Each structure stands twice: as C-alpha cells, then as structure tokens.
There are 2 protein chains.
Amino acid sequence: MVEDLCAHPPGHPLVLISDDTVAALYARTLCTRLSSVGLDAHLATFPAGESHKSRETKAALEDRLFELGAGREAAIVAVGGGVTGDLAGFTAATWHRGIAVVQVPTTLLAMCDAALGGKTGVDLAGGKNLVGAFHQPSAIYADVEVLATLPETDYRCGFAEMVKSAVIADADLFGALEDDREALARRDPDRLERAIERCLRIKAEVVAGDEREGGRRAILNFGHTVAHALESASGYSIPHGHAVSLGMVVEATLAVRAIGFPSEDLGRLERLLRAFDLPVRWPTATVVVEQVVSATRRDKKARGGRARYALPIRIGDMPAGDAVTLEIDESDLRAAIQGLEAGTA
Amino acid sequence: MVEDLCAHPPGHPLVLISDDTVAALYARTLCTRLSSVGLDAHLATFPAGESHKSRETKAALEDRLFELGAGREAAIVAVGGGVTGDLAGFTAATWHRGIAVVQVPTTLLAMCDAALGGKTGVDLAGGKNLVGAFHQPSAIYADVEVLATLPETDYRCGFAEMVKSAVIADADLFGALEDDREALARRDPDRLERAIERCLRIKAEVVAGDEREGGRRAILNFGHTVAHALESASGYSIPHGHAVSLGMVVEATLAVRAIGFPSEDLGRLERLLRAFDLPVRWPTATVVVEQVVSATRRDKKARGGRARYALPIRIGDMPAGDAVTLEIDESDLRAAIQGLEAGTA
C-alpha cells in the first residue's frame with residue numbers, strides 16, 4: 001500500500017492524522033516513508049480515545065492544517081480506527097469546503113466497516129456523530145499486517161461488523177465465517193483478507209445505491225439501533241463491537257416476532273458471535289434497560305420520537321425495496337432485552 | 001413569502017437562526033407568525049458581526065439544536081445577511097450529516113449573491129471561510145420590503161455583487177443598471193426585484209453547471225481574489241461590498257493588459273460603481289499593498305502559492321470553457337494597485 005500511496009499521492013501536502021498510540025506504532029513510520037520519496041508529508045496527532053472525537057479536536061487539527069499552509073490541493077490520510085477515520089474524514093470534508101481523504105484503517109472494525117461509506121463526524125456530549133458530513137474517501141488501504149499489534153479485545157470487536165455484513169447480505173459469507181472461525185480468530189492473513197474484501201464489497205454495493213442514506217442504505221443499521229442506545233446509556237463504556245453484537249442479538253429476537261426471522265438463524269447468530277468471544281447476554285450490572293429504551297427514541301432513524309429498526313428476514317436477506325426500517329413497540333424491545341437477561345434466548 | 005413558508009415548511013422543528021439585530025427587526029416576528037399557524041418554530045440568535053461567524057458560534061447553535069430535540073427532519077431558516085446565511089447554512093450542512101436549510105436574505109448583498117449557490121462556512125483567525133461545506137438551500141425567499149430598514153452603507157454594498165453579475169454574464173443587465181441607477185439607489189421595489197431576479201438567474205445557471213467549483217463556477221470570483229486579500233490585509237475592517245468594488249477595478253485593470261479587456265469598459269465599470277457610492281480608489285491610508293499581494297498567495301484558487309484570477313474579456317463576457325482562471329505576475333498586480341493609488345486609472 002505504501003508503494004501505491006507514494007506513486008499516487010491524492011494531494012499535497014499530505015497530512016497524516018492519527019491518535020498518539022497509532023502514531024507511535026505505525027503512522028510516524030508511514031510519514032517518514034512518504035517523506036523519503038520526496039512527498040511533502042506531515043503528521044498531526046491527537047490523544048487516543050472516543051472522547052477526543054470532538055469539535056475541539058477537529059478545531060485543533062484545522063489550526064494545524066492552516067499552519068501547514070494546507071489549501072484545496074492538500075489531502076488528509078486518516079491512519080487509525082473508527083474514531084480517527086470519522087474525525088479525520090470530517091476534517092477533510094469541511095477544510096476549504098472539502099479536500100481529498102485517504103483512509104488507512106488499522107483496526108479490523110474499521111477495515112470491515114467504518115473506512116468505507118463516507119460517513120464522518122464528531123460526537124457531542126449528548127450523542128455520537130451528531131455533527132458530521134458524507135465525504136467519500138478517494139482510496140482505502142486495508143493492510144492486514146497492521147492487525148498484528150491490535151489488542152485482542154479490539155481485534156475481536158471487528159467480527160461484529162463482519163457478522164453483520166453476512167447477516168444483511170451474504171449467507172455464503174456467514175457460512176464461511178462459521179467454517180473459518182478458528183483461522184480468523186488466530187489472525188490468519190489470507191482468510192482475513194478474503195473476509196474483509198467480501199465485507200467491503202457488500203458495503204460498497206449498498207452505499208453506491210444510496211450514498212446519503214435516503215433508503216436502502218439503512219440495512220447497514222441492523223443491530224445498530226440498539227447498539228447506539230446501549231453505548232449512549234452506558235456512557236460509552238461498552239466497546240462498539242460488543243454493543244453491535246448485543247444489538248444484533250436483541251434485534252434478531254425482535255425480527256423473529258415481527259417478520260418471522262427463523263429461530264434457528266438466531267441460534268446460529270448467537271453461536272458465531274460467541275465463537276468470536278463477542279457478548280450475547282445482557283450486561284445487567286452496567287446498563288439500565290429503561291435508559292436504553294429511552295435512548296432509542298433519539299436514534300437518527302427515529303420518526304416522531306419512535307425508534308425504527310432494520311431487521312433481517314433470514315441470514316443473508318433483508319426486506320426488498322427502499323422501505324427497510326420498521327417501527328417496533330417499546331414493550332417488545334423490553335421483552336427482548338429481558339429475555340437476554342434471563343438467558344432464555 | 002411567509003404564506004409559502006407556512007404552507008410548505010421544509011421540516012420540523014423549524015429553527016430560525018439570526019443575529020440579534022435582525023432578530024429584533026424581523027426574525028422574532030417571523031418566528032411568531034410561523035408559530036401562530038401551528039408550526040413548531042424556534043428562534044436561535046447570535047451576536048451580530050463577522051467576528052461571530054466562527055466555529056464557537058456554530059458549536060453554540062448546535063448545542064441549541066440538541067436542546068430543541070432537532071433531528072434529521074428538522075430544518076433551519078437562515079434569516080439575515082451573508083454572515084448568517086453562511087453560518088446557519090454550514091450548521092445545517094453538518095447537523096446529523098445535513099438537514100434542510102431555507103435562506104431568507106435580509107441584505108441586498110445576500111439577496112443578489114450569498115443566499116444562492118450553497119457555499120457555507122465559518123472563518124478562522126487566519127482567513128475567511130476556511131472551514132465549510134457545499135450545501136444547497138431548499139428554498140430562497142428574497143423579500144425586497146425588508147431592505148427598507150437596511151443602513152445606507154450596507155444597502156449600497158449590495159450593488160457590488162450586482163455589478164459583478166452583469167460584468168461576468170450579462171451586458172444588458174449592465175446597461176439596465178446604468179439606466180436605473182437612480183431608481184435603484186432610492187430602493188425602488190420593482191426595479192430592485194427585477195435586478196435581483198436577473199442576478200439570481202445568472203448565478204443559478206453558473207452554479208447548476210458546476211456545483212462544487214471544479215471549473216466554470218470560478219467566473220463568479222471576478223474581483224474576489226483581490227477583494228479577499230484586501231479584506232484579510234485590512235483585518236476585515238473593509239466591508240465586503242467595498243472590497244469587491246475595489247477588487248473589480250484592480251482586476252479589470254489587470255484584464256486590460258492580460259486579455260484585452262477594453263479600457264472603455266473599465267471606464268464604464270468605474271462610473272457605475274461610483275454611481276452606487278462604491279469605492280474605486282485604493283484606500284492607501286488603511287492597507288499596505290505588500291500585505292495584499294502576499295494575501296493573494298493564500299487564496300483558495302491559488303496553485304502552488306501563485307494567485308489566479310477570473311478575468312472578463314469585456315463587459316458581459318468571460319473566457320469560454322472551464323479553464324477560466326489565469327495566473328498574473330505579482331509585479332502586474334502591484335502596478336495595477338499603484339495606478340489606483342495615484343488616481344491615474
């Protein structure tokens with residue numbers, strides 16, 4: 001990938017943005033390599049952690065772009081996980097009303113999902129991604145070798161979005177994940193590359209058909225209405241991959257009742273998530289159910305304060321057409337969550 | 001316009017954004033009228049002045065949108081001049097990755113120019129509109145009656161963009177402005193409406209062909225390379241309309257030498273600007289020429305630190321095609337400015 005980036009720099013200067021952890025592990029070296037072939041490359045860092053995906057960090061990065069004399073021809077290279085991709089992508093989206101951005105995801109989660117699709121943004125105290133823009137990257141470089149240094153919990157989180165991609169669009173991929181789960185868990189590069197590529201293809205197809213989420217793109221939200229509510233209610237103490245894993249189990253349970261999602265598919269979903277060490281039982285000790293229910297009302301897909309859900313018909317299949325979200329009674333949501341608390345699901 | 005906005009609200013809640021001056025004169029009453037027909041309308045204000053077109057003001061408006069529970073279906077109504085339109089438009093562009101905005105310009109400058117075209121943004125200490133987005137309004141309501149309360153200097157400034165529209169695209173409009181200059185100066189509503197409509201049509205045509213300023217849209221920048229540099233070098237103490245007036249005279253002078261813009265057209269341009277009480281002589285006392293020259297290097301159109309200019313061939317005509325900007329030697333720029341200082345032009 002470095003060769004390709006060296007040969008086809010998307011702008012100049014190139015401003016690499018990463019958090020200080022990834023800078024030390026990877027981005028600083030990448031910046032040096034880009035400079036060594038004569039490119040005008042600079043590194044701008046910010047403190048690691050979702051709490052820094054903020055308007056304040058964005059402003060600090062903008063001040064740095066100004067210092068560097070970055071104009072319309074400048075390009076940003078986002079090197080890191082979802083936080084970095086969203087923050088650096090949004091910074092690119094609004095600098096001089098939009099400059100090029102290249103995404104270099106360094107987590108499995110970002111490789112499978114966040115780096116593609118053009119959703120960028122920052123969080124406010126009241127909610128995630130409340131301020132942002134749609135801004136497509138001009139290239140994505142997913143290098144599975146960088147996953148070697150990723151902590152185990154972070155690594156496992158990536159499978160949540162991989163499983164989601166399979167559930168919404170590709171029963172064969174779901175089967176492949178079941179078959180390859182052990183090789184994937186031990187970070188086998190070939191299997192990883194193949195799985196990531198399929199996830200990116202699925203997402204690219206969906207996004208290309210509905211770039212600004214007017215309709216069908218909402219299928220990517222399977223599991224995410226509950227996941228976002230759970231993250232918000234927990235004060236963002238639950239990792240995104242865990243929240244998506246739990247969200248998928250809750251929403252698949254809703255789907256069984258609402259649109260006949262097969263119970264055996266729910267069973268397969270739970271087993272696969274467990275195989276990747278992802279949670280499928282409600283974290284009773286840390287999250288109050290009513291707070292999650294009320295947080296769903298503020299979801300971006302909500303209409304008139306009523307939450308909407310993108311639910312699958314079966315593994316690999318979502319309802320046809322553009323009207324892919326469905327309103328669900330809050331009592332059904334409570335029942336589904338309580339089922340997971342009791343461990344009966 | 002109020003009837004139309006009541007009948008076709010672009011979203012709900014409606015959040016009117018205006019500065020405190022325009023709120024007292026107009027926006028508060030408009031908000032009350034919208035509420036009186038049952039719409040969920042709210043007013044959010046900020047202190048008047050270009051210095052408040054900032055990231056900080058935008059953040060305060062976002063916090064207010066959150067308090068009001070504004071989601072994806074909310075819409076912003078920008079009520080005011082260029083500062084308000086840019087700030088409120090940019091706030092709309094990034095709230096939940098983009099909600100609807102209606103522009104209600106209350107200055108002649110905003111009616112002729114800023115309200116249309118989708119350019120939004122905020123200023124940094126180092127320059128204007130460095131952070132922003134392209135975000136088209138879903139409607140523009142230009143009501144010439146509100147111009148009655150506009151201070152004379154602000155009113156006159158509007159003619160700078162009107163004259164610009166004529167120079168870049170419509171020799172007939174230029175003639176009409178010459179003929180109607182007295183009626184326009186005394187704010188004759190019919191003549192104003194006709195002239196504003198022609199300006200909006202010109203801009204709409206240009207913008208429709210090149211929404212994100214990849215090529216031909218740059219013709220709208222005639223006079224603006226120098227105007228922006230002048231504003232920056234003066235610490236934004238010169239009103240935009242004055243800067244554009246001076247910018248057009250300087251750039252038309254460059255055009256005479258560079259591409260044969262007729263000297264008699266330069267004479268007509270100067271006379272028309274004077275008729276609207278707009279400045280055509282260099283403000284030697286307040287601005288250092290070298291600071292203006294160096295500010296042009298940081299212009300958004302600059303390539304490799306060299307300023308580029310969108311210059312007319314004659315009144316009503318710009319060069320054909322998409323390559324509409326031209327590099328000009330800084331020595332020629334200095335000479336053109338010095339000509340205006342000496343009053344020889």
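Buried area is the accessible area, taken with a 1.4 Å probe, that two parts lose on being put together, summed over both. In this predicted model, the area buried between chain A and chain B is about 2,800 Å², and carbon and sulfur atoms give 52% of that area. Arg72(A), Arg97(A) and Lys300(A) supply 30% of the area that chain A buries against chain B, more than any other three residues.

Residues are numbered from 1 along each chain as its sequence is written, and chains are lettered from A in the order in which they are written. Local features need pLDDT of at least 70 and side-chain atom pairs count only at pLDDT 80 or more, whereas totals for chains, interfaces and linings use all residues; side-chain values use heavy atoms, with hydrogens and water left out.

When the copies are superposed by least squares on the C-alpha atoms of residues with pLDDT of at least 70 in both, a rotation of 180° with 0.0 Å of shift along its axis brings chain A onto chain B with an RMSD of 0.0 Å. The two copies are thus related as by a two-fold rotation axis. The same surface serves both copies, since 100% of the contact residues of chain A recur in chain B, where contact means heavy atoms within 4.5 Å.

The contact takes 30 residues from chain A and 30 residues from chain B. Across this interface the rule finds four salt bridges, a salt bridge being a side-chain nitrogen of Lys or Arg within 4 Å of a carboxyl oxygen of Asp or Glu. In one salt bridge, the side chains of Arg55(A) and Asp63(B) meet at 3.0 Å, N to O. The residues on the side of chain A that touches chain B divide into eleven nonpolar, seven polar and twelve charged, with Asp, Glu, Lys and Arg counted as charged, Ala, Val, Leu, Ile, Met, Phe, Trp, Tyr, Cys and Pro as nonpolar, and the others, Gly among them, as polar.

Most residues other than glycine have a negative phi, and most peptide bonds are trans.

| Cis peptide bond | Omega |
|---|---|
| His12(A) to Pro13(A) | about -5° |
| His12(B) to Pro13(B) | near -5° |

Tyr236(A), a residue other than glycine, has a positive phi near 60°. At 29% relative accessibility, Tyr236(A) counts as partly exposed, which lies between buried (under 20% relative accessible area) and exposed (over 50%), with a 1.4 Å probe and protein chains only. Arg187(B), also not a glycine, has a positive phi of about 65°.
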